[in-house]
Structures are given as C-alpha cells and as structure tokens.
Amino acid sequence: MDATLISLGLNPMPAKIISMVIICLIVLIAFVTIGGVLTVVERRISGFMQARLGPNRVGPQGSLQWLADGIKLILKEDLIPDGADRTLFKIAPYFCLIGVFGTMVVFPWGSGVMVADLNVGLFYFISITALVVFGVLMAGWSSNNKWSLLGGMRAAAQIVSYEIPVGMGLLVPILFSGTLSMGGIMAVQGWAPWEWIVFQSPFTVMSFCIFFIGSLAEANRTPFDLPEAESELVSGYCTEYTGFRYAVFFLSEWANLFVLGGLTTAVFLGGGNLPDFLADYTFLSVLVYMAKVSVIIFVVIWLRWTLPRFRIDQLMNLSWKYLLPGAFVAFLGQAIYMLITQHIPAVQTTVAVLMFLVFVFILIRFFIRVRVNMREQQIPVNSPASDVPLT
Amino acid sequence: MMGIPELFFYFFTIMVIGIGLFVAFSKNLLRSAFALFFVLFGIAGFYVLLGGDFLAVVQIMVYAGGVNVLLIFGTMLTSDISSPKTSNLSFQGALTFIAGLTFLILLVVIINTTHWPMHVPGEMAPTTKDIGRLLLKEYVLPFEVISFLLLAAIISSLVLVKKGD
C-alpha cells in the first residue's frame, strides 16, 4: 500500500503514515460493524431458543436493528448523576473500548492477514485486555452508586482471577508451537482437524476447555455474567450510564465476544489454514477463519441462553480450585508427552487422529440424543402457546 | 527532521513526567491511583523504543494490569479517602523529608557513577528466545530462588488469612 501512495507522488514518510491510518480505519470499522451485528445475532438466536420472535422489523429479518439501536442511543441525553466523579465517569467507557480494540493490532483475520504479527503477539493479546479492568473499576467507582461499585469490584475480581487460568491454558499451545506470535502459532497447525492444536493430545483438549471456560468468564458472559446480574445489581457498573457511553460499553462487550472467538480459533482450531493447493487464496482463508469464529460465537450464545448464572463463591471456587490446578496438570502433562514422543511422529499423528475420532463420535452421539429428545417430547418445539395443553 | 521514534520518545517522556506530577500532587487519592496507570503505560512505551518487546508487554501485564489494579482496590477499601487529611498534600513532617532526600541523593549518585550500556535500537529483534535461554541456563539458580521466595510468600499469605484453626 505504501508503494501505491509513493507512486502517486507522496514522500515515503507521509505515505507510510497514511497507509497505516487507512489500515487502522479499515480494521476499526470492521470491528465496530461486527460488534453491532453480533448484538442482533445474539437477540435473534435468544429469541429462537425461547420460542419468541426477537427483533425482526428493521431491514430483512431485523438485520439492520443495530443501526437503529445505535441512532437511538446516540440521540439520548447523556446523563451524569449528581455526586459522580465527572472526569472519571466520562472517560471510563473508552478504557473498556481501548482494551478490546487494542487486541485488533494482532488479530489474525486469516493466514497472513493481520495488522502486525508481533513477536510477542499472544502475550500482548492477553495483557492489553487489562485496560478493560480499569474501565470497569473506574465506571463502578465514579458512578457514586452502590450497585455500580459492587458490580465494578466483582468484574475486576473476576477478570483478574480468571486471567490466570486463561494464561496457563494458553501455555500449552505455546509449548506446542514454540512461539508467542499469532502467525507462528497458526503456521504450525494444518488445515485438517487432526492437525489443529486442540486435538494433539488429551492435555491440549484439557487446556482448550480450561481456556474456553476462563475466557467466557473474562468476557463477562453467562454463566459468569455476575457483574451485571440484573436480579442483584441492576446493571452492575453500567447502571448509571445512558446514551452514547452506554453504547460504547456494549459495543466493547460484543466486540469482546468476537475477539474471544477469534483467539480460540487462531490458537486452538487451526486459524484460517487451507490445504496446500488452495494456499494462495487469501480470501478463502479469511472465509474459513470467519466460519470457525461464527461457530464458536454460536456456542457462546447458546451457552448463555442455556445455563443459569453461578454464585460469586462458586465462580471463585471454579477458578482457583479446579481450573488453575487443571491448567498446571495440562501444562506438565503436555511437556512430558512431548518429551516422550518427540522422536516418534507416528505416535503423535495416531493420538491426534484418535482424539479427533473421539470428538466426532461424541458429536454424533449428541445429535442422536437431540433427535431422540425431539421425537419423544409431547409438545412440538417452537409451537405457539395456544397449542400447549393445559394440565 | 525528527523521526517517528524520537517523536514517540518525547510523547512518552511528557506523558510520564506530566502524569507523574499529577499522581504526586492530586488532591484525590483515587484519581492518583488511576493516573498511575498512564505512567506505567508510558514506561512500557520506553521499553518498546529500546527494542525490549517482551519487557514492554510484561510491564503492561504485571504493573499496569496487576499491581495497579491491586493498588486501586486498596485505595477503594480505604475509608474516607477524599478528605484532605489523607490526601497527597498532607506532609508527614521531617522524617519523610529526610527519607525522600536520602533516596534522591542515592538515585543521583547511582545514575552518575554507573556505566550504562548504550544501545542504539535498530530493527526490533525478537528477544524472547534470548530471555528464555538466559533464564533457564545461565541464571537458573537466581530464577529458582526467586520462584521459591514467591512460593513462600503465597503460602505465608494463605496462613495469615486462614480463619481460626
């Protein structure tokens, strides 16, 4: 891109800066759009799961609802409560936004499509999200409201304690690939499922589960959405927020959902890798990557509308007493496994294919079970309320 | 013409010194604690300019994301933090002054007498491999001693907060 601008008669330095700004704008707009669209996707899926319609009026199948929501939120009055710390109250949402959007520097959109493949990319990924904790604490404190403060404290405690299992869970892929760069981690995996890091050994499966559960909690998703538990804390740290600042909080939350899916896909599920004869088609790689991310996002939304919320002590127990020791076991186990099998690749391939077959078997069993359940139940799924017999 | 690294250097310098002064002189302790974040972030910027990418991310993760959050927690749990008596501007008298002055003199002496290795950062070279090799080969004993110390600290804090018997 710099080359094109230089050929148009610009100096190298301004050309470089302009091309950087353009790339940043493209990624920023993509992130904002994805965050907005995900709000509609989540509401439609939740509507489907609860046998109701969900937003379906604005645009085809309600697909433009997020634009309408955005306009409504921007037009609302920007209220700042009496007694609030005005400066902190005003800047708090942007910390959350920067914390999530900072990850897009190393966000892999497919093999070889990324803003910057930092040498410490994965480490940067998990450390820049620390800004979210700041935004949440700041919002909770400056609102001058007990619910906000409790919500902010809970959110900070939760994110800080789940950062440790998530980080330990990521150690196993790092151990396997021997690099911290996102591009490097994607490059050691292949296109086939048994070449993905997740199916390499029983320990990688374990670390994948720990990482996934932990990052659900870090993204404040149900069953870990205690900071915003409506029945206890109204809306937690964003109780006092209205208008655009509220929109910023929610945009960062849904962008975080996308970031979660992207990180899981890139590190454990082979990213956007394609078979060798298709390796030149970057667009196809982005498509494959997005398809995998969509599946992860669907699972996360599915979990949200299926599981009830944890209690705060159960949440902390899970993190410190189960996930953290589990992550240690996975790390040690993977190290020993790699030491034993490092000279016999045949064993590694066999174990990987075996793990994949077990996964496929479980998936098939699951679908059979779902079919049996749907056939056996008395009331058809998604039937109108008037058809339900009163007993 | 000033290159981009110099520009960033001056930006980070102004940020660290300016916000550092705000941390020291703000009347509101909690705002000081929040502002400290920018100081720590600016220092991570210096590490990047010196070519220490890993160190910069560690700085953000440990200091900005860990220590500073704990500091804010501590400040929030302190009672009556907005009263002028507990704010930054209340001087504790002669003893603090002597301690501060001694520390300043110590720093000046150290800065002037140490021979600092000069490093002109060129291209960003990956540092993670060297750090890993040094930690697990040359400096494995200090590394293990520090790990042991941290383990002892964790266990002792657990013993301290254990309720009853």
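Visitor: What share of the 165 residues of chain B counts as buried, and what makes a residue buried?
Guide: In this predicted model, 15% of the 165 residues of chain B count as buried. A residue is buried if 20 or more other C-beta atoms, placed from the backbone, lie within 10 Å of its own; 12 or fewer makes it exposed, and anything in between partly exposed. This is a predicted model, where local features need pLDDT of at least 70, side-chain atom pairs count only at pLDDT 80 or more, and totals for chains, interfaces and linings use all residues. Residues are numbered from 1 along each chain as its sequence is written, with chains lettered from A and ligands numbered from 1 in the order in which they are written.

Visitor: How do you know what confidence the predictor has in chain B?
Guide: From pLDDT, the predictor's confidence in each residue, from 0 to 100. Chain B averages 81, and 84% of its residues score at least 70. For the complex, the predictor gives an ipTM of 0.76 and a pTM of 0.84.

Visitor: What secondary structure does chain B have?
Guide: Chain B has 6 helices and 0 strands. Helices (H or I, at least four residues) and strands (E, at least two) are DSSP runs, numbered from the N terminus. The pattern along chain B reads α-α-α-α-α-α.

Visitor: What makes the largest set of residues a nonpolar core?
Guide: A nonpolar core is a set of buried Ala, Val, Leu, Ile, Met, Phe, Trp, Tyr and Cys residues joined through C-beta atoms within 7 Å. The largest one has 115 residues; V133(A), V136(A), A156(A) and I60(B) have the most contacts inside it. Helix α11 (residues 243-268) of chain A gives the largest share, 13 residues.

Visitor: Which residues does A156(A) touch?
Guide: Leaving out residues up to four places away in sequence, A156(A) touches V133(A), V136(A), L137(A) and V69(B). Contact means C-beta atoms, placed from the backbone, within 7 Å.

Visitor: Why is α9(A) called roughly antiparallel to α13(A)?
Guide: Helix α9 (residues 202-218) and helix α13 (residues 312-341) of chain A pack at about 150°, with their axes 9 Å apart. Angles over 145 degrees count as roughly antiparallel, under 35 as roughly parallel, 65 to 115 as roughly perpendicular and the rest as oblique. Therefore α9(A) is roughly antiparallel to α13(A).

Visitor: Where do chains B and A meet?
Guide: The contact takes 16 residues from chain B and 17 residues from chain A. On the chain B side, α2 (29-49) and α3 (53-77) are the elements giving two or more residues. The most comes from α3(B), with 10 residues.

Notes
Contact = placed C-beta atoms within 7 Å. Axes fitted to C-alpha atoms, helices over the stretch in contact; angles between N-to-C directions.
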